[in-house]
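Here are my notes on this model, as numbered points. Please keep the structure open while you read.

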Amino acid sequence: MIEFISLVTLLTYDDFDDVRIENSEQIPLFYNEKAGRLDIKIRLNDGRKIDVEMQNTYFNYYPKRSIFYCSKMIHEHFPSGLQYTDLKKCITINVLNSPFKLSCKVHSVYRIREEEEQTLLDELLEIHFLDLTKLPKENLTSLEKWLMFIKTDSKEVRAMLARGNPVMAKANKVMDIFYLDEQERRRYEAAWEYESDRLSMISEAEQKGLERGKSLGLAEGSHQKALETAKTMLTMGYPLADICKIVGLSPAEVETR
């Protein structure tokens, strides 16, 4: 997510030190599970907010909807009493799997600018449209490779795109799990449960070993102290029977010492 958004917005990795996914809804683990929502809200370490939304079908009202959502993000974290200078920039990223009719580009960026001079009024609002239907077939940029990664259902294409990119390779492993069929999923979950059980048993065995070692260590220390006390009492001429009674050792243990 960080690499993808940085390519879209030109933000640096330092901006993402404290990324938090703000959605409370459960994101599906597998392809055929249903999700309540299809957008992801992110807050950066300086308070700026980003909304990433996936949309399969384009409607003519979609630009208005995107403006409304971005404006709502600006307002919802601005309680009474703050100054307007405290307002934080909000970025909306729309990934469309249906033609975006207002541009012929793969990536379109909209801000509030003066019509003729194109001077920026303020950076507070920024809206991106990424059109998956306009992706070229070859010579893809880094961003276009991520968009193709999002678009494709082909395991082979994802593997090819992930070559040479460790972040995408990691994402590809997650996607391989995401697209498992029912039988493969059962195998995956069984392997996952087995590995969790194995690690848990190892951890518990190690803990019991530590506890037993500690107990044995304490017992050994107590026994050693009793032997030392018995030795001292012997040198002082105490009767053997009295020594055994005091330190709790047998005559054989005391005499051997």
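1. Start with the contacts of Arg 48. Leaving aside neighbours within four places in sequence, Arg 48 is in contact (heavy atoms within 4.5 Å) with Leu 11, Asp 15, Ile 42, Arg 43, Lys 88 and Lys 89. The model is predicted: local features need pLDDT of at least 70, side-chain atom pairs count only at pLDDT 80 or more, and totals for chains, interfaces and linings use all residues. Residues are numbered from 1 along each chain as its sequence is written, and side-chain values use heavy atoms, with hydrogens and water left out.

2. Where is Arg 48? The loop between strand S2 (39-43) and strand S3 (49-55) holds Arg 48. Strands are DSSP runs (E) of at least two residues, helices (H or I) of at least four, both numbered from the N terminus.

3. Is Arg 48 buried or exposed? Arg 48 has a relative accessible area of 17%. Buried means under 20%, exposed over 50%, and partly exposed in between, using a 1.4 Å probe and protein chains only. Arg 48 is therefore buried.

4. Now helix H1 (residues 2-9). Because 6 of its 8 residues are buried, H1 is largely enclosed by the rest of the structure. The buried residues are Glu 3, Phe 4, Ile 5, Ser 6, Val 8 and Thr 9.

5. Look just past H1. Leu 10 takes a positive phi of about 70° there.
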